[in-house]
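Here's a quick briefing to read alongside the coordinates. Have the viewer open and colour by chain before you start.

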Amino acid sequence: MTDIGRSGAVSRPVEADKPPGLLYNIFVRNITAKIAASPMVAIVLIVFIGCTLWSVWFSFTDSRSLPNGDFVGWAQYERLFSARRWKISATNLLTYGIFSLVFTMVVGFLLAVLMDQKLRFEDGFRTIFLYPFALSGIVTGLVWQWIMNPTLGLQSTIRGLGWTSFTFDWITNTDMVLYALLIAGTWHGTGFVMVLMLAGLRSIDGEIWKAARVDGIPTWRTYLQIVLPMMRGVIVTTLVIVGSGIVRTYDLVVALTNGGPGLSSEVPAKYVINYMFTAGNLGQALAASTVMLLAVFVILIPWMIIEFGPKKAH
Amino acid sequence: MKKFTVVAAMAAAMMSSTAAMAAELEVTHWWTSGGESAAVAEFARLFNETGNTWVDSALAGSGTGANPVIISRILGGDPMGATQMNTGRDAEGLIQAGLIRDLTPLAEEEGWKDFYADPGLFDACTYDGKIYCVPVNIHSWHWLWLSTGAYEKIGQPVPKDWNEYVASWPALREAGVVPFGLAAGWALNGIPGVLLADVGGPDLYMKINKDHDAEAVRSPEFRKVAEAWAALRDVVDPAEVVPQFGDVANQLLAGEAAGNIHGDWIQGEFAVAGATPGVEYDCLPGLGLTDRIEGGGDAFYFPVLPEGTAQDVLDAQTTLAKLLVSKEAQVAFNLKKGSMPIRTDIDLSTANDCMKKAITILESPEGLLPSGETLNSSDTQQQLDDLNQEFFADKSYSVDDYIEEYAAIIESAD
Amino acid sequence: MANVSAVGEPSGPRPSKGFNPKRIIIYGIIIVAAMYYLLPLYVMITTSLKGLPEIRLGNIFAPPLEIITIEPWVKAWTSACTGLTCNGLAPGFWNSVKITVPSTIISVLVAAVSGYALVNWRFKGSEFFFTCLLLGSFIPYQVMLYPMVMITAQLKIFGTLWAVILVHTVFGMPILVLLFRNYFASLPQELFKAARVDGAGFWRIFFQIMVPMSLPIFAVAIILQVTGIWNDFLFGVVFAGTQNYPMTVQLNNIVNSTQGVREYNVNMAATILTAAVPLIVYFVSGKWFVRGIAAGAVKG
């Protein structure tokens, strides 16, 4: 376990030592491997790069329901940044994203630690924590909408039991609706994080624990200062998966609150999709998605260069 | 597999010897609620009686459910035989790309403009002087629906106009009745337009929506509209908002809510529940304040089918287009849908009192104001919706700020 | 390196045997957490077994007291109306199977080969492609809808199962390649090197060495794809063609429209029925999922 997060370096192909010519390198060497990887290369080039460039290009046009507009320069961006709804959406995503990321990671890790205590019925508990991940955002939203609906759900039930002043109206309260979203989102996603974290915990050498015990380090400090840093690899993977899910949050919001009350739970992905399919303003929608992507780039690229970029030889 | 409509149609034609001119036609629409599907079933029934087969493709939710699917399929070369689609500028792109069938020859042959109650309805279907869609009904948001049961509870007569209705709110609250029943989401979006035209008056409505006159937004008349909107906002308790407009219909019938401003299609829900106007509920067109109401239609488009499509299928498109506006279909469809028919030369003696009120308005000259959906692009409409949603949810959002934001949108509107 | 077979055993601090206060607290927390996770499932199931009059009483947490009825389930499956047709969810079920099975198989295979090529046969720019894939996972998929429509139309496969398979392969790539790449990187490299020295080629090493050692991560990939594809609405309905409308279309129609009285029990039964396949996959193969994740995701 000496090489977490640096595994790429050990897996260089054997031929790396030979110094062949450039053309040979590009076209002939490992030709089967290149053919095998070509679907991925094609997908990256055509879809992920091609379509992204396509969408960036059309964000500079006044395209309506179809991509066929005229070039209008920065107009769509100027409008985007002066739109209140966009500001609200971006702020919401930032708030929700940070809370959601911290919450799912912390709760997922804590659950994993608890699950790692030689529990009885571990399989049963793990299934319980994981099953929400099998449900779509739409279903998750619908069920929680029902539970949190003041007139149908928890509030009316508890009031029915006699506590008549009990209030749980987050879903209809503009100040609290993001936390309602958080309850449903956490429910949906923590199980998966827990499984990843549990996997990380179990990959750690038992010797570490023995050593920590011999040194008399308390359990919580062992977790925090020794185990957690050793799990860097799994934490990184989890962050990518959870983070990309958060940025794309759409289904859950549509089913749970549809952005309401008012605009108080709007998110950027919903802005994009609304302007694309309901308002018939492709240019505006693509400007919004370009800004989303840029924001992700700014956050991720420096980290990716460190994490996945070309590595120095060991 | 790809051109399913075609293959299926050919297979059907080969198998059935009795109906030589029969074809299957896939029709996409987003009419999935009780009243709506009962109404569309009438179209299907009549179409099937012609020997053709209506293949129903219902997709709930216009914006996220149906729209992307309809546009993508037409764009991708796998079009349906006919489809409901938002009129106005949404379809323009597809028309420009030559993907929508030009109905002008058919319209002239059949003399559509002669019998349409208001030929202005075709404005939304017209592009470059040609007609590309068939309006099948006239819908209006301009209705105040009132629950007779709720007013019995507070021992007051059912209001005769908006002002009386507003005055009854405190008594309703006291009696534990929800003054204004509201469904979440889009159900809110139609209300400000109604207040604009009815509280503000048709002139103000036209100045703002047609001329895009931002000064009209800053006028004292518009302030009255904004204040009415704010008053409505303040009487609605967000915790009482229900999921769907059908739920509001149920609230009204049960006397749990007293009133609601909603499109005439809510009548379809009343009808499904077996309610009659004047007994369980009452209706006030133009909020009882004006006798000109705004209306726009649902419309069907007929995509250009891929080359090599059997003549039967093309004929079936024509048959359906003619059928949609026929007297028989108009009566059957609109009675179920709760909307106004596009022609008044038909027997609507079985129409209920609310629809009769609507037809009177329709028959009077200039009774119908052009719909906001036709005057504004859906992009402008979306911006107004966003503003209204935000204003309605935030009780601290001041009327002054609202007017300024509104004016800014109108200034850049198209 | 990671010992795959040992993964799955608890490795935390050795707890003392027997019931001490600490154990009780741990179990207490776990049980409370489990209740939070089970609550929605409980509400869905009990509601779907109640009659409408009982639902109107308003207590969604109460167990069905009056009569337990499976009528909502029957209705959701066979006769709930979606548009004009009232055949329930049943017709869409097989369409969903038709979409899910080939899409899962092909997308997992493509991702596995790609991950293998990325780790063991690195070529110039391979890390660049991988980085692009990862960034791609942050784009809302709906943005790609129109270009994908145009691409599949150009390929003359729009409106067929091939189109939907392609779309799911594309959008499954980022996460799946990440998992496969990490997994293959964690396998002992000595095996690969030895096979190379013996003259084994790309495919032989893949099928004879890599795949047999990678069953857990294949399980993870299959589970993730089955879940994602089964739950998808937009791509299925746009790309798969009219004759293949997936089950989620009918669910959407049932749940998002009011047919007179709102039948919450039928809605809930329909929701559970639609979610049943991914749920069963998780319940049955949850252990594999965890083991695969454990082996694959640990490395970064």
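What follows is a walk through the chains, the core, the domains and the contacts.

This is a predicted model. Chain A is built from helices, 14 of them, with 0 strands. The mean pLDDT of chain A is 83, but residues 1–17 of chain A stay under 50. Chains C and A meet through 86 residues of chain C and 100 residues of chain A, while chains B and A meet through 27 residues from each.

**Chain A: fold and confidence**

- Read chain A from the N terminus and you get α-α-α-α-α-α-α-α-α-α-α-α-α-α.
- Chain A has 314 residues, and 49% of them count as buried.
- Take the contacts in chain A with a separation of 6 or more: 68% of them link residues 24 or more positions apart.
- On confidence, 88% of the residues of chain A reach a pLDDT of 70 or more.
- The part to watch is residues 1–17 of chain A, where pLDDT stays under 50 and the model has 31 contacts beyond four places in sequence.
- Where pLDDT is low, the predicted coordinates should not be read in detail.

**The largest nonpolar core**

- Which residues touch the most other members of the largest nonpolar core? They are Ala288(A), Phe180(C) and Ala270(C), in a core of 307 residues.
- Helix H7 of chain C, residues 161–186, gives the most to this core, with 19 residues.
- If you want to look around Ala288(A), its contacts beyond four places in sequence are Leu80(A), Trp86(A), Pro268(A), Tyr271(A), Val272(A) and Tyr275(A).

**Where chain C meets chain A**

- On this contact, chain C puts in 86 residues and chain A puts in 100 residues.
- Helix H13 of chain C (residues 264–297) supplies the largest share of the chain C side, at 13 residues.
- Sorted by class, the side of chain C that touches chain A has 58 nonpolar, 20 polar and 8 charged residues.

**Where chain B meets chain A**

- This contact takes 27 residues from chain B and 27 residues from chain A.
- On the chain B side, the elements giving two or more residues are helix H3 (62–75), helix H4 (92–96) and helix H20 (378–393).
- H20(B) gives the most here, with 8 residues.

**Domains of chain C**

- Chain C splits into domain 1 (18–69) and domain 2 (90–297).
- Over C-alpha atoms, the centres of domain 1 of chain C and domain 2 of chain C are 33 Å apart.
- Between them, 7 residues of domain 1 of chain C are in contact with 8 residues of domain 2 of chain C.
- On the domain 1 side of that contact in chain C, helix H1 (21–48) and helix H2 (52–56) each supply at least two residues.
- H1(C) gives the most to that side, with 4 residues.
- That side of domain 1 of chain C has 4 nonpolar, 2 polar and 1 charged residues.

**Domains of chain B**

- In chain B, the assignment gives domain 1 (4–138 + 297–343) and domain 2 (143–294 + 370–411).
- The C-alpha centres of domain 1 of chain B and domain 2 of chain B sit 31 Å apart.
- Their contact takes 18 residues from domain 1 of chain B and 14 residues from domain 2 of chain B.
- Helix H2 (34–49) and helix H17 (327–337) of chain B are the elements that give two or more residues to the domain 1 side.
- The largest share of that side, 5 residues, comes from H2(B).
- By class, the side of domain 1 of chain B that touches domain 2 of chain B has 3 nonpolar, 9 polar and 6 charged residues.

**Strand E9 of chain B**

- Why is strand E9 (residues 257–261) of chain B largely enclosed by the rest of the structure? It's because 5 of the 5 residues of E9(B) are buried.
- Strand E7 (residues 143–147) of chain B pairs with E9(B) in the antiparallel sense, over 3 bridges.
- For Leu144(B), the bridge partner in E9(B) is Ile261(B).
- Strand E8 (residues 178–180) of chain B pairs with E9(B) in the parallel sense, over 2 bridges.
- Opposite Phe180(B), you'll find Gly259(B) in E9(B).

Notes: Residues are numbered from 1 along each chain as its sequence is written. Chains are lettered from A and ligands numbered from 1 in the order in which they are written. This is a predicted model: local features need pLDDT of at least 70, side-chain atom pairs count only at pLDDT 80 or more; totals for chains, interfaces and linings use all residues. A residue is buried if 20 or more other C-beta atoms lie within 10 Å of its own, exposed if 12 or fewer, and partly exposed in between; C-beta atoms are placed from the backbone. Two residues are in contact if their C-beta atoms, placed from the backbone, lie within 7 Å. A nonpolar core is a set of buried Ala, Val, Leu, Ile, Met, Phe, Trp, Tyr and Cys residues joined through C-beta atoms within 7 Å. Domain bounds come from an automatic or database domain assignment. Ala, Val, Leu, Ile, Met, Phe, Trp, Tyr, Cys and Pro count as nonpolar, Asp, Glu, Lys and Arg as charged, and the others, Gly among them, as polar. Two strands pair if DSSP finds at least two bridges between them. pLDDT is the predictor's confidence in each residue, from 0 to 100.
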